[in-house]
There are 2 protein chains.
Amino acid sequence: MKKLTIIAFVVLLFCDLSQARESKPVESLPNKVEQWDFYEISLPGPTAGNPFIGIEFSAVFTNGDRTYEPEGFYDGQGIYKIRFMPDYEGIWTYRTKSNYDALNGKTGQFECIPPSNDNHGPVRVRNQYHFAYEDGTPFYLFGTTIYEWPFQSKEKRQQTIQNLINSPFNKARFLAIPPWRQEYVEGADALDCFPFMGTSKENWDFSRFNPVYFQKLEKCVLQLRDIGIEVDLILFRPYDNDKWGFDMMDTETNDRFVRYVVARFAAFRNIWWSLANENSFMEHLTDADWDRLFQIVQAKDPYQHLRSIHNAGRIYNHTKPWVTHVSLQYYMAVRFFGVSPLLRDIYRKPIVHDEINYEGNISKRWGQLSGEEMVYRFWVAYIGGAYATHGETSKGQPYGDGWISTGGELIRESPARIAFLRKIVEDGPKGGLNPIDQYYIKNMAGKYGEYYLIYFGREKVKQWAFRLPDEALKSGMRFKVDLIYTRNMTITPLEQVFEVEKLDRYEFIDKKRSKVELPGKPYMALRIRRIK
Amino acid sequence: MKKLTIIAFVVLLFCDLSQARESKPVESLPNKVEQWDFYEISLPGPTAGNPFIGIEFSAVFTNGDRTYEPEGFYDGQGIYKIRFMPDYEGIWTYRTKSNYDALNGKTGQFECIPPSNDNHGPVRVRNQYHFAYEDGTPFYLFGTTIYEWPFQSKEKRQQTIQNLINSPFNKARFLAIPPWRQEYVEGADALDCFPFMGTSKENWDFSRFNPVYFQKLEKCVLQLRDIGIEVDLILFRPYDNDKWGFDMMDTETNDRFVRYVVARFAAFRNIWWSLANENSFMEHLTDADWDRLFQIVQAKDPYQHLRSIHNAGRIYNHTKPWVTHVSLQYYMAVRFFGVSPLLRDIYRKPIVHDEINYEGNISKRWGQLSGEEMVYRFWVAYIGGAYATHGETSKGQPYGDGWISTGGELIRESPARIAFLRKIVEDGPKGGLNPIDQYYIKNMAGKYGEYYLIYFGREKVKQWAFRLPDEALKSGMRFKVDLIYTRNMTITPLEQVFEVEKLDRYEFIDKKRSKVELPGKPYMALRIRRIK
């Protein structure tokens, strides 16, 4: 015990004390919390022994017939906390439960008030293949990747925030575990503490978390929440390369880590759980291990935030019931039409292509896409009724591979064009883009009878005969067409009105057999909307 | 009871009596059976009441420490049978078990002798993504579809057999349930009896099978066995269109039907179980129903023949443990490269594209492929490390849509070209074709360091720089190249020898930077084999 105490002491000194001060007990709790914000109970409790082990602590929150029981966590310096995200307006009362008297039977209440304008609640699956905030507002996912941004300097983090604000991205993937390459970390206040007490793999105390580390990570999550960005928080990642050993922890430590992270972060409405990045590279973890880790998250997260896992060569079985959506790394799946609809039909869940290679110029082939190709892959994903996640690389960076490592500045051509796509998607059917006749038509999405988006990819089309699959059509329906050029980000409405009649058992056609003229360039699209 | 007896009597008269005579008790059993052929016990038993219900009947077969317990079945006319497929040479002894004295405790033995030349045993999964006969002989699947051939005239069936003998196909999909369209059936000895006693949906006795129906079906299965063709026996199919009601039977009937079919057919070594064709069109059956039916087959088939199910719009979850391979209908999956490798990585089982549209000229769009397109889809499947199943249609046929309905004559251009592909696959790596670097290369299969097959599809390639992914390569390795033209079925060996050296972290290249010259036509391939 003595040795552990000394290590904890050393680490507390090592960590930024201005951070540590934030873990003081909160004396006066706010009595009003907006819906989907979080309420925090903070109580002094036992400090003898190891406060991370053997202390049961939770609270039952009740409002009418709604009841939740979030778990608490030890936040250091003798303070235990419970965070709770109310999902319903009105008075919530609580009573704590613990096997320690000091933490047991504490009661209180607060008022949950209406959410502020930009607060739509956590994101849920809706319409089977899509997402929406809990208040019903559609969430059209446009992801980006900034794996190690929380571990960078304050200036770099602020630059990242500013770039995200000006970007089309509304979901960011990053790590809950620090990067293995110290040289990937820029600045003095960066990687100065770790998830566990200790300073290196020679002296981790895997039985004691370092609350200061998590407080810093929480700030990052809340900063993104405040600019409207969902966080795909990656709980495990491989390629530690024997630096810290965080990818080689034992089962007990992994389980305790997941439980602690859920206790700390679940009350943040913008959290998504990504069990791992490239999980199968952690070869000592079996599918059964991942099953168990998923089940811990499922059992301990009172709000059932979205859950998935990101693969390397061996793809986890996303059909399992605790996986809410497919988080896939498979580049061929966004290089060819028809694959996303197939994935939807296989999994019957939303498909998120969370790694499709990155736009950039590093020597590794996964980071060499042209902007043209990145944007093409995005369109192929969305035209298939799926979603995608962006990333950028830059060679010669002092601390990693550019944006995907450290965040910082978006410098490449795809974000503007992804913003253009996002606008089109947002202006599309409220229920999201679904494949149109996916068994026979490779490149059409929308909503039968209402809205059709056709993406021609690399084909240099000069004419498109106005023909649509028969579902939901009737003779006499009229449509207008916009010509979209995705490279230049232009939308040109065509004057002509198209009126359909039945052609055969499968299709309707413009009654004058009109054709849409196109300029014969690659990366064009057509948007066809019914005139009501 | 009286009514049922009368119906049974009528049906026996209606059914071809020359068939019915085959179900006499076999007085003298053979005492030698070759391995993977079947031994049949035939015993007189109770005829009172309903012999299909409540009579338990099985036999324990033993040879050393090998033990199997196949279930028996009532074969009509007072005779009960048990069929057994011995999988090991030597003396097998058996003892019957029954809750009826007449069927209980009967013992006997036979000698299992070595298999004859063309008998390689049942087909199993091997190397995760491929198939082999039980004796280890690779089985490179080349399927075809003849849904209703067992219900055609003897002449038509014989023509089908003759065409299959001359075809590249070694697996045939067909129905265990009769077609709903009586007009799909040609000839007098065709659809003259049904799986159940009765003559129409007004009078089926779903509690009584008609053994004569199954005897006829068994003959078809054994005819295919004798010409080396595996049978993908389809247990259920929709689109009965209220004709017979066989797609709307209740749970108890479905379960009993499956159990009866397994008892009758499992001892035939060429059986594969296809739980259904387009299963989701049977809307009253849930995933839980299919799970249960799979589990019955799994529990009752002592030999664990291959099991899968073929989908309509809703794809059954083939990751479930009782599914041995993926039997998929998804046309886009064979129109684009890269999809079969993804499917392999998702399912980690063999992928069989069991319906990829059919070559032909009927008005329905699923039966209109050109031969060119059918062959293209086959190549796309095999270059992705998967397998495919052929079918042909013909318009204006009196009894259905041509070959896929009735069998008969293969008249189109794809079979010869599929035979050409089969020869290439058979001459390839013994372990089967696997994708080469499937994350970055879309159209290469083979075996690292040994054998590479590149298919260019519709691309009109004039030059191919000799470059191969680095895995298993060393500088100095030498290769020869064959130019394959899949349309004309020609293989042209090139004179040149290519010697590789390392180019970068990903690739080896010919040390003279040589290029392979190609004629710039679509549908070309290259075969690259290492010179040892």
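Through which surface do the copies, chain A and chain B, meet?

Modeller: This is a predicted model, in which local features need pLDDT of at least 70 and side-chain atom pairs count only at pLDDT 80 or more, while totals for chains, interfaces and linings use all residues. Residues are numbered from 1 along each chain as its sequence is written, chains are lettered from A and ligands numbered from 1 in the order in which they are written, and side-chain values use heavy atoms, with hydrogens and water left out.

The copies meet through the same surface, because 100% of the interface residues of chain A are also interface residues in chain B. Each chain's part in the contact (heavy atoms within 4.5 Å) is as follows: 36 residues come from chain A and 36 residues from chain B.

As for the arrangement of the copies, chain A is superposed on chain B by a rotation of 180 degrees with 0.0 Å of shift along its axis, at an RMSD of 0.0 Å. The two copies are thus related as by a two-fold rotation axis. The superposition is by least squares on the C-alpha atoms of residues with pLDDT of at least 70 in both copies.

Between them, chain A and chain B bury about 3600 Å², and 56% of this is on carbon and sulfur atoms. In chain A, the residues that lose the most area to chain B are A:Tyr330, A:Arg365 and A:Tyr440, which together account for 22% of what that side buries. Buried area here is the accessible area (1.4 Å probe) that two parts lose on being put together, summed over both.

Turning to specific contacts, four salt bridges are found across the interface of chain A and chain B, a salt bridge being a side-chain nitrogen of Lys or Arg within 4 Å of a carboxyl oxygen of Asp or Glu. The side chains of A:Arg348 and B:Asp287 meet in a salt bridge, at 3.1 Å from N to O.

On the side of chain A that touches chain B, the elements that give two or more residues are helix H7 (332-335) and helix H8 (339-347) of chain A. H8(A) provides the largest share of that side, seven residues. Helices (H or I, at least four residues) are DSSP runs, numbered from the N terminus. By class, the side of chain A that touches chain B has 19 nonpolar, seven polar and 10 charged residues. In this count Ala, Val, Leu, Ile, Met, Phe, Trp, Tyr, Cys and Pro are nonpolar, Asp, Glu, Lys and Arg are charged, and the others, Gly among them, are polar.
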